[in-house]
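Work through the exercises below with the coordinates open. Each task is followed by a solution in steps.

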Amino acid sequence: MKYMLIMRATDAARQDYEAMDFNEVIEKMGAYNEALLKAGVMLAGDGLADSMADNFVVDFSADPPIVTDGPYGETHELFSGFWMIQVGSKEEAMEWANRCPLGPGSKLEVRRVTEMSDFGEFADNPVLKQQETWRAESGQV
Amino acid sequence: MVDTRRTVEAVWRIEGARIVATLARVTNDVVLAEDLAQEAVIDALRQWPEWGIPQNPGAWLTAVAKRKAIDTWRRRERLDDRYQAIAHDLAARAGSEPDAWEPIDDDVLRLVFIACHPVIAREAQVALTLRLVGGLTTEEIARLFLLPVGTIQQRIVRAKKTLTAAKVPFEVPDPSEWRARLGSVLGVVYLVFTEGYAATSGEHWMRTDLANEALRLGRVLAGLTPREPEVHALVALMELQASRFGARVRPDGTPILLADQDRSRWDRAQIGRGQAALARADALGRGRGSYALQAAIAECHATAPSVETTDWARIVLLYEALGRIAPNPVVDLNRAVAVSMATGPASALLIVDGLADAGALRGSSLLPSVRGELLARLGRAEEARSEFVTAAALTGNERERGVLLAKAAAL
């Protein structure tokens, strides 16, 4: 099963982070990433830039959608990076999440990635079934 | 609520190989190391619910196991010098800094080579590798292979006895043996994968969990031996083949063959990982081995928008190269399929008939099923039907049997 570890940080945590020795931060994060890689569980992972100039938000409450500078707005906990890992159990995902070198004010939101079997109960849904057959037979999207 | 047993299992999954490897380094005995580690796990199951989960669970388990090692040696009536020295060394270090626990990758690599040691039978190598390197419990391995727990337990016990009897040292192989021994390790990993990719038994066409375990082992191995092109190539092959999992079965479990698969459901991220791994293998500049050639073939499929636009001529070339460095009738059969796509069924049938005349693949469903396919395309319906029926009778996989019988009926 795959899990996404979503890193969130409050403004305060981000300020603390900036005050820290950057080399030390890199070293700790590097060691964590290396451990994930060596254990064969890491599928992907990246940090997200937080400069206003690079980011924006598209809000679909209106038509056409409203584009604003972002991602700050009213967000108190900024989504600042992620890992995608493949593990054997929820407990193993929890073990890996617990080992992440983050400090106070930071949070990891851990979400399981959905799989085909999550839609098992809809396997008999005639629309899905028809779509499945059509897709398989046509070999197209 | 925290389930201690599952937490211990998760810790073992992450740290098991490193714990056993560390213990094996100090005891120079993998079997003893594994026994000690298992005893430490039992202690954890008893103590963690009461005292809480330690800050560094891997170090805790290692420290407890080391103490047990010391106790074991102290209990022996006459300590020989070597054990005395080790026990003394361990006792001196046991009290200080239990967190200073620095297992070395080389130790894990030694563990991999021992789990796949040629003195052990292949199926026991598989069980031992999943247990020692993959950090799976005997129950989990049994579940993955749809076998009784007792069977797996027996294989592991036997393998451990054999290792002890053969006095296998805790070492990586000599340079003269390296290639063959690494080949054996890769073979074990790929065997786990193929059993998951195209389950030879049971009612499921594929068992994703098993294939994912193999991928995980492959990635661990690539981390341990980054200079070995065939290790990266094996990871590439597995990633590329596994990228099709989402498109290989209908919701009711019936298989969808390559030609009929919805390619938009292939896992693009996984294809990207596979291509990157193959590029890493190629970048080492030592030419392509059999896994790299197979990965290159899988890459041709993975990057083609459709069956028609697939570069079949290139696939034929890759199969020819593969057949030369690793002669195998299954490779020839696959080459025949590629030839049928590149130049037509008639020339492919010549290759298949050649294989049949040589008595290759007798008893396997593969040859008659391919021959049936080619005959059907040549309009020889009666002969094709008979081949599909023969293939259906030979396969052990129920889903595959259904597909073959449906083909026979459609003619």
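**Exercise 1.** In which loop of chain B does B:Lys167 lie? Determine also its phi and its exposure class.

Solution. The model is a predicted one.
- Step 1: B:Lys167 is found in the loop between α8 and α9 (175–197) of chain B.
- Step 2: Its phi is near 50 degrees, a positive value in a residue other than glycine.
- Step 3: Most residues other than glycine have a negative phi.
- Step 4: The relative accessible area of B:Lys167 is 70%. Exposed means over 50%, so B:Lys167 is exposed.

**Exercise 2.** Locate B:Leu146 and state its phi.

Solution.
- Step 1: B:Leu146 sits in the loop between α7 (138–145) and α8 (149–165) of chain B.
- Step 2: Phi of B:Leu146 is positive, about 55 degrees, although the residue is not a glycine.

**Exercise 3.** Is B:Lys160 buried or exposed? List its contacts as well.

Solution.
- Step 1: B:Lys160 belongs to helix α8 of chain B.
- Step 2: Its relative accessibility is 14%. The cut-off for buried is under 20%, so B:Lys160 counts as buried.
- Step 3: Leaving out residues up to four places away in sequence, B:Lys160 touches B:Val31, B:Glu34, B:Asp35 and B:Leu128.

**Exercise 4.** How many of the residues of helix α5 of chain B are buried?

Solution.
- Step 1: Helix α5 of chain B covers residues 105–115.
- Step 2: Of its 11 residues, 8 are buried, and the helix is mostly covered.
- Step 3: The buried residues are B:Asp107, B:Val108, B:Leu109, B:Leu111, B:Val112, B:Phe113, B:Ile114 and B:Ala115.

**Exercise 5.** Describe the span of chain B that UniProt annotates as a domain.

Solution.
- Step 1: An unreviewed UniProt entry places "domain: RNA polymerase sigma factor 70 region 4 type" at residues 122–163 of chain B.
- Step 2: In the model, residues 122–163 of chain B are 81% helix and 0% strand.
- Step 3: The end C-alpha atoms of this span lie 14 Å apart.

**Exercise 6.** Characterise the contact between chain A and chain B.

Solution.
- Step 1: Chain A contributes 24 residues and chain B contributes 25 residues.
- Step 2: The size of an interface is often given as the accessible area lost when the parts come together. Between chain A and chain B the buried area is about 2300 Å², with 51% given by carbon and sulfur atoms.
- Step 3: There are 6 salt bridges between the two chains. One of them joins the side chains of A:Glu92 and B:Arg13, at 3.9 Å from N to O.
- Step 4: On the side of chain A that touches chain B, the elements giving two or more residues are α2 (22–38), α3 (90–98) and α4 (126–138) of chain A. The largest share, 4 residues, comes from α3(A).
- Step 5: By type, the residues on this side of chain A divide into 10 nonpolar, 6 polar and 8 charged.

**Exercise 7.** Which residues of chain A does a cis peptide bond join, and how far apart in space are A:Ser51 and A:Val87?

Solution.
- Step 1: The cis bond joins A:Asp63 and A:Pro64, with omega about 0 degrees. Most peptide bonds are trans.
- Step 2: A:Pro64 lies in the loop between β3 (56–59) and β4 (66–69) of chain A.
- Step 3: A:Ser51 is placed in the loop between β2 (42–47) and β3 of chain A, and at 32% relative accessibility A:Ser51 counts as partly exposed.
- Step 4: A:Ser51 and A:Val87 are 36 residues apart in sequence, and their C-alpha atoms are 33 Å apart in space.

Definitions and conventions:
Residues numbered from 1 in each chain as written. Chains lettered and ligands numbered in written order. Predicted model: local features only at pLDDT ≥ 70, side-chain atom pairs only at ≥ 80, totals over all residues. Heavy atoms only, no water. Contact = heavy atoms within 4.5 Å. Buried area = accessible area lost by both parts, 1.4 Å probe. Salt bridge = Lys/Arg side-chain N within 4 Å of Asp/Glu carboxyl O. Nonpolar A, V, L, I, M, F, W, Y, C, P; charged D, E, K, R; others polar. UniProt positions renumbered as here; feature names shortened; annotations may be inferred. Buried < 20%, exposed > 50% of the residue type's maximum accessible area, 1.4 Å probe, protein only.
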